[in-house]
Amino acid sequence: MRLWLAAVGRSRTGPARDLYDEYAGRLSWPLTLREVEVKKRLASDELKRQEAELLLAAIPAGAIVVALDERGKTITSEAFAAKIGGWQDQGAGDIAFLIGGADGHGDAVRARADFLLALGAMTWPHMLVRGMLAEQIYRAQQILAGHPYHRA
């Protein structure tokens, strides 16, 4: 199984990037980061539409799509692991996680998503979300492997 992270914005060196790199590097599943960016100043709706097109173009056709969205479902780490494990058991070749821009996801991403995931009710910096998500994917991998990393 291959994992993809498509995100709006380019990461720079620093603590947020280091956090992402730390957990992405621990994964046994390959995780590919694809960064996309619209360089024009646009109205919010048009910006979200263009970002959605770029995000969807950055992932493999047929991938399971998980969009990180403030209106998504908040689940436990165990439930997240079970969801990934279920997709793996069903033979999913690719799972793609999409992180939108500052204005959120365009309608095309929400329509294409197989699951809308929220990391809680608080707003998080988009660059920090990458590291938080990578840690939760690593935690899910460890839960599925029966490793004691996760202490329930």
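In what order do the strands of the open sheet run? I looked this up in a predicted model, where local features need pLDDT of at least 70, side-chain atom pairs count only at pLDDT 80 or more, and totals for chains, interfaces and linings use all residues. Residues are numbered from 1 along each chain as its sequence is written, and side-chain values use heavy atoms, with hydrogens and water left out.

I read the order as 2-1-4-3-5, for 5 strands with parallel pairing. Strands are DSSP E runs of at least two residues, and helices are H or I runs of at least four, numbered from the N terminus. Pairing needs at least two DSSP bridges between two strands. Strand 2 (31-36) and strand 5 (115-117) are the edges. I noted an average twist of 30° from one strand to the next.

**Strands 3 and 4.** Strand 3 (residues 64-73) pairs with strand 4 (residues 94-99) in the parallel sense over 5 bridges. I found I64 bridged to I95 in strand 4.

**Helices 1 and 5.** I then checked helix 1 (residues 15-26) against helix 5 (residues 126-145). Their axes lie 8 Å apart at an angle of about 20°. That makes the two helices roughly parallel, the class for angles under 35 degrees. Angles run from 0 to 180 degrees between N-to-C directions, with axes fitted to C-alpha atoms.

Technical notes: Angles under 35 degrees count as roughly parallel, over 145 as roughly antiparallel, 65 to 115 as roughly perpendicular and the rest as oblique.
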